[in-house]
Amino acid sequence: MAEDSDRAAESCQPPKRHKSYVCLYFRGCKSESDSTTRRGKTSENASETTGSFMENVKIMRPDDANIVGNVHGGIILKLIEEAGCIVSTRHCNTQNGDRCLAVLVRVEKTEFLSPVFIGEVAHVTAEITYTSKHSLEVQVKVMAENILTGAKKLANKAALWYVPCSLQNVDKIMEVPPIKYANEDQEEEGKKRYEAQKMERLDTKARIEEAVPPPPNPEDPPKEQCTVGFSQSTLIHLVGPSDCILHQYVHGGVTMKLMDEVAGIVAARHCNTNVVTASVDAINFHRKIKKGCVVTVTGRLTFVSNKSMEIEVLVDASSLTEEEKGKYRAVSAFFTFISLDKFNKPLPVPPLKIEGEEEQRRFEEGKARYLQNKAKRLTDKERQQ
């Protein structure tokens with residue numbers, strides 16, 4: 001809370017003049033001004049890293065945004081995951097034994113609180129808040145800064161779970177070095193979150209193999225507008241080296257970006273307007289995706305309220321060289337999008353036309369999630385007052 005207060009106070013101050021330290025913060029090299037990371041003590045504008053905390057900085061460019069200048073939710077999700085991966089991997093390698101890489105297994109509900117625009121600077125902070133024997137929780141926040149006025153706003157916040165995998169054997173899960181907690185209550189709250197996400201992941205596994213309807217045949221008659229079949233969309237992507245981490249498996253942030261793109265296409269087809277990501281329910285990474293696999297990312301509407309759309313996104317993978325292994329479900333999540341007018345104000349969403357018992361079942365399940373999330377937001381709002 002103190003950190004948030006400090007940042008809120010800073011946003012009211014005129015911009016300071018100071019030196020900037022700029023360097024590469026992850027693999028690849030695009031531009032010196034794109035992103036920053038330094039170990040230890042740095043200037044205010046450079047990335048700051050300790051054992052369980054770090055900050056990345058990136059300026060938003062035109063290729064990060066949609067046609068009206070809103071930065072894609074997938075870009076933000078990728079930045080969040082990269083920061084989480086870095087701080088988790090560094091922490092897990094502070095002990096003796098096999099070198100390891102932190103692998104993303106779950107993202108809790110992610111709120112997109114304010115839009116980020118071209119030209120703004122994203123400050124992504126990641127902090128380890130809980131460790132179990134074989135996993136760790138990372139809390140990530142994204143502050144968007146207008147570098148012309150110095151004003152800052154909280155754009156996103158998320159909680160991610162990682163497990164450390166040995167570089168010698170990807171199937172070997174390493175032990176996580178414990179962190180020091182400020183008090184016993186903090187540790188107990190973290191343990192509750194750990195147990196809750198563990199149970200939810202087990203519940204999700206019961207339906208991950210649900211079949212996805214095939215994409216529409218071009219020779220079939222066109223689907224009626226505002227139906228599930230009309231907006232259902234599929235993206236096919238061949239996993240290359242640039243998509244992968246050290247293990248030659250797909251980076252979690254790459255997968256989330258593809259999922260957000262498909263969900264955005266579904267939402268845009270349904271509304272025929274500008275759409276943005278409002279939130280993402282828990283993203284569960286069920287199985288790894290290796291370099292050389294073909295991933296099929298499918299999005300379909302499950303529920304529509306007056307001003308929001310819930311889109312289920314499923315990621316299936318299959319190997320080009322090991323066809324006998326067949327296709328498998330790798331990732332699943334629910335994305336929520338809203339429709340905006342030219343002034344970035346919410347617009348009403350066309351109602352969804354339901355066809356069949358299966359679509360009706362998914363609609364009712366989506367409505368239950370919508371009402372549950374709405375009640376939780378109201379409770380949190382009352383608690384803050």
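## A buried salt bridge

Asp64 counts as buried, at 7% relative accessibility. This residue belongs to a predicted model. Asp64 forms a salt bridge with Lys58, and the closest N and O atoms of the two are 3.1 Å apart. Lys58 also counts as buried, because its relative accessibility is 14% and the limit for buried is under 20%.

## Other salt bridges

The count of salt bridges comes to 18. One of them joins the side chains of Glu200 and Arg106, with 2.4 Å from N to O. Glu200 lies in helix α3 and Arg106 in strand β3 (residues 100–107), so this pair ties together parts that are 94 residues apart in sequence. The two partners can also be described by their accessibility. Glu200 counts as partly exposed, at 39% relative accessibility, whereas Arg106 is buried, with a relative accessible area of 1%.

Another salt bridge is formed by Lys153 and Glu120, whose closest N and O atoms are 3.7 Å apart. Since Lys153 is in strand β7 and Glu120 is in the loop between β4 (110–112) and β5, the pair ties together parts that are 33 residues apart in sequence. Lys153 is partly exposed, with a relative accessible area of 24%. Glu120 counts as buried, at 10% relative accessibility.

Leu148 is found in the loop between β6 (136–145) and β7 (152–166). Its relative accessible area is 76%, and Leu148 is therefore exposed, the limit for exposed being over 50%. Glu120, by contrast, counts as buried.

## The nonpolar core

The largest nonpolar core has 83 residues. Met259, Ile283, Ile289, Met309 and Phe335 are those with the most contacts inside this core. Helix α2 (residues 73–92) gives the most to the core, with 10 residues.

Which residues are in contact with Met259, leaving aside its neighbours within four places in sequence? They are Ile283, Val297, Val313, Val315, Val331, Ser332, Ala333 and Phe335. Ile283 and Phe335 are also named among the residues with the most contacts inside the core.

## Ser332 and its polar contact

Ser332, one of the residues in contact with Met259, has its place in strand β13 (residues 328–340). Ser332 counts as buried, at 6% relative accessibility. The side chain of Ser332 makes a polar contact with the side chain of His286, at 2.8 Å.

## Aromatic pairs

The count of aromatic pairs comes to 6. One of them is formed by Tyr130 and Tyr181: the ring centres are 6.2 Å apart, there are 35 degrees between the planes, and the pair is tilted. This pair links distant parts of the chain, with Tyr130 in strand β5 (residues 121–131) and Tyr181 in the loop between β7 and α3 (184–205), 51 residues apart. Tyr130 is buried, with a relative accessible area of 7%. Tyr181 is buried too, at 19%.

The rings of Trp161 and Tyr194 form another pair, with centres 5.9 Å apart and planes at 50 degrees, so this pair is also tilted. Trp161 lies in strand β7 and Tyr194 in helix α3, so the pair ties together parts that are 33 residues apart in sequence. Both Trp161 and Tyr194 are buried. How many aromatic clusters do Tyr130, Trp161, Tyr181 and Tyr194 form? These residues form one aromatic cluster.

## Charges over rings

Two arginines are placed over aromatic rings. The charged end of Arg287 sits over the ring of Tyr328, and the distance from the centre of that ring is 4.0 Å. Arg369 lies over the face of Phe334, at 3.8 Å from the ring centre.

Key:
Residues numbered from 1 in each chain as written. Predicted model: local features only at pLDDT ≥ 70, side-chain atom pairs only at ≥ 80, totals over all residues. Heavy atoms only, no water. Core = buried A, V, L, I, M, F, W, Y, C linked by side-chain atoms within 4.5 Å. Buried < 20%, exposed > 50% of the residue type's maximum accessible area, 1.4 Å probe, protein only. Helix = DSSP H or I, 4+ residues; strand = E, 2+ residues; numbered from the N terminus. Contact = heavy atoms within 4.5 Å. Polar contact = N/O pair within 3.5 Å; in protein donor to acceptor, adjacent residues only side chain to side chain. Phe/Tyr/Trp six-rings, centres within 6.5 Å; stacked < 30°, edge-to-face > 60°. Lys NZ or Arg CZ within 6 Å of the ring centre and 35° of its normal. Salt bridge = Lys/Arg side-chain N within 4 Å of Asp/Glu carboxyl O.
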